[in-house]
Structures are given as structure tokens and as C-alpha cells.
Amino acid sequence: MNADAVVLDVDGVLVDVADSYRRAIVESVEVVYDRTIRTEDIQQFKDAGGFNNDWELTYAAALYVLAAGEGYAASIDEYTNSIAESGGGLDAAETVVRDAIGAQAFQRVDGRWDRERLRDVFQQLYLGADLYRGIEGGEPDRETRGFIHDEPVLLEADARDALLAEYDVGILTGRPEAEAEIALERVGLDDEIPLEHRFTMDDWEEGKPHPRALMTLAERFDADSVAFVGDTLDDVRTAVNASEEDPGREYGGIGVLTGGLTGDDGRDKYEAEGAAAVLESVNEVPGWLEG
């Protein structure tokens, strides 16, 4: 690509979230319901689509656990495949479970499906007590350090500086704004990327793979060609959808293998969705664009 602008996802691209967000998903369900899914199951939800918001992925995981108690016998593979076939995301998960177990059983599940409690536990585990008080504005019911402190930086300084020197750089993430700011500060981008060149969970309702945010950033950059670097299939789908909606510009989705998609299997999945490139990490992006 002869890109004018590079837009970066945060999780799995700039920082590694295997021991933070993904751990919070698994442990939140465990805390609330004494049962949970496996960490490796999370990628099945991501591949199904519509789970850019990790709170909603947590709710869908909890729904599976609760439905199993009402006789839902599908495996995680079957559950997430059915979600994908129903359009992806939390609404699809509800439809799948309701159709499988019936209205009365679903009513019992729904009565125990406490999304507000799941979100609160998730935030306490992820942020830790001190950040929870500052960001959530409440008093936690547990004193925790916070998984957010266990996010290794993936973006190296040389690659960061090369991107900033050669391209307009933007951010497109499913994180809330406050949590995105913490990650950007950690990788040295907080002072480099103005707010108008960022989209977080707080800035748009649709979420990935809806192309509106990516197209808006392209307009703000007045770019003819935009590379979007992400770690999920929905990130690549976002670029593909933008190409369809905005044919006057070139959009390329670059998948990196530092998130849940790894190895040859991850590469194949990215390519099947129309990725412009599949790279080992974000640090290869400057060289690939130059080449």
C-alpha cells in the first residue's frame, strides 16, 4: 500500500492483553457464577464477530454458562458458530440460547444473568481498586492491584517513531477513553495523537466492523489510502467494509499475530477475510508500507 495514514487498534497491537482483558473475562464469570469458560475459548467469540466490546463478550460467556445449567449441551465451538451464523454479537448470542432452550428456560437464565454485576466485577479486576475509584467513581468491594498493570508493550520505539515521521497516525479501539489513554501513555503516543484522531468506545455506538469511525478518520486526515492495523477478524472486516462504503479511498486491513490469532491458522483466517497483509507484529508495519 502507498498509505497516507495509519490507524492503529490498541489491544493486541500496541499492548498485549492476554493477562489483562482476557483474564478479566474469564475470572469475572468465575467470580459471579462459580463456573467459567477457558481462556482459549475467548478467541472463538472474537472470530464469531461482534464482540469488540469485552464487557459484551463477558456477558455472552456468562450466558453460555447459565444456559448449560438449563440443559444447553452445545460446545463452545457450536455456540460461537451459531452466533456467527446469526450475525455475531450479544444479540445473536441471546437468540441462539433462546431458540435452543425455549422461552421458559431462557426466562430463568435471564433472571440470573446479571450484566451490571459482571461489568462491575470486570472493572474491579481489570482496573484494580485505585483506578476503579478514579475511573468508575465508586468504592470497590475488593482490594485488587488490577490486571491493567500486566500489559506488556508491543510497539517498539523505533517503529513508533517511524510511523509518526512518515504518516498521519490515528487510533481506533473498543476501549473506553480513559483506558485507551492509559495504554497510549504507556507506548508513548498520548501526546502524539490528538483527540480528533482517536475513536474509542465512547465516541461511536456501532463498534467494529462498522466502518464509520475508520471512514471518519480518513476524512479528517484527507487521506487517499488508509492502513488499519488490528488483531481480530473484525478489524480486517472494518477495513473491507470501509472499502465498500467509500470506494473513492483505499483501505487496507493489516492483521497482526500478537493477539488471539497466531501462527498459520491465524494467517489463514486473516487472509480469508481479505487482509491486505498479515504481519508478525505492529513493528513490521513501517517496513511493509515502505516496501
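The protein chain contains 13 helices and 6 strands, where helices (H or I, at least four residues) and strands (E, at least two) are DSSP runs numbered from the N terminus. The model is a predicted one, in which local features need pLDDT of at least 70 and side-chain atom pairs count only at pLDDT 80 or more, while totals for chains, interfaces and linings use all residues. Residues are numbered from 1 along each chain as its sequence is written, and side-chain values use heavy atoms, with hydrogens and water left out.

Of the 291 residues, 54% are buried, that is, under 20% relative accessible area with a 1.4 Å probe, counting protein chains only. Among contacts (heavy atoms within 4.5 Å) with a separation of 6 or more, 70% join residues 24 or more positions apart.

Helix α1 (residues 21-33) packs with helix α7 (residues 115-136) at an angle of about 130°, the axes lying 9 Å apart. Axes are lines fitted to C-alpha atoms over the stretch in contact, and angles run from 0 to 180 degrees between N-to-C directions. The angle makes α1 oblique to α7, since angles under 35 degrees count as roughly parallel, over 145 as roughly antiparallel, 65 to 115 as roughly perpendicular and the rest as oblique. On the α1 side the contact is made by Tyr21, Ala24, Ile25, Glu27, Ser28, Val29, Val31, Val32 and Tyr33, and on the α7 side by Arg117, Leu118, Val121, Phe122, Leu125 and Tyr126.

Thr173 is located in the loop between β2 (168-172) and α9 (177-187). With 0% relative accessibility, Thr173 counts as buried. Beyond its neighbours within four places in sequence, Thr173 is in contact with Asp9, Val10, Ala180, Phe199, Thr200, Met201, Trp204 and Lys208.

Ala48 belongs to helix α2 (residues 42-48) and is buried, its relative accessible area being 10%. Residues up to four places away in sequence aside, Ala48 touches Thr80, Ile83, Ala84, Gly88 and Arg237. The C-alpha atoms of Ala48 and Ser86 are separated by 9.5 Å, the two residues being 38 residues apart along the chain.

Notes: Buried means under 20% relative accessible area, exposed over 50%, partly exposed in between (1.4 Å probe, protein chains only).
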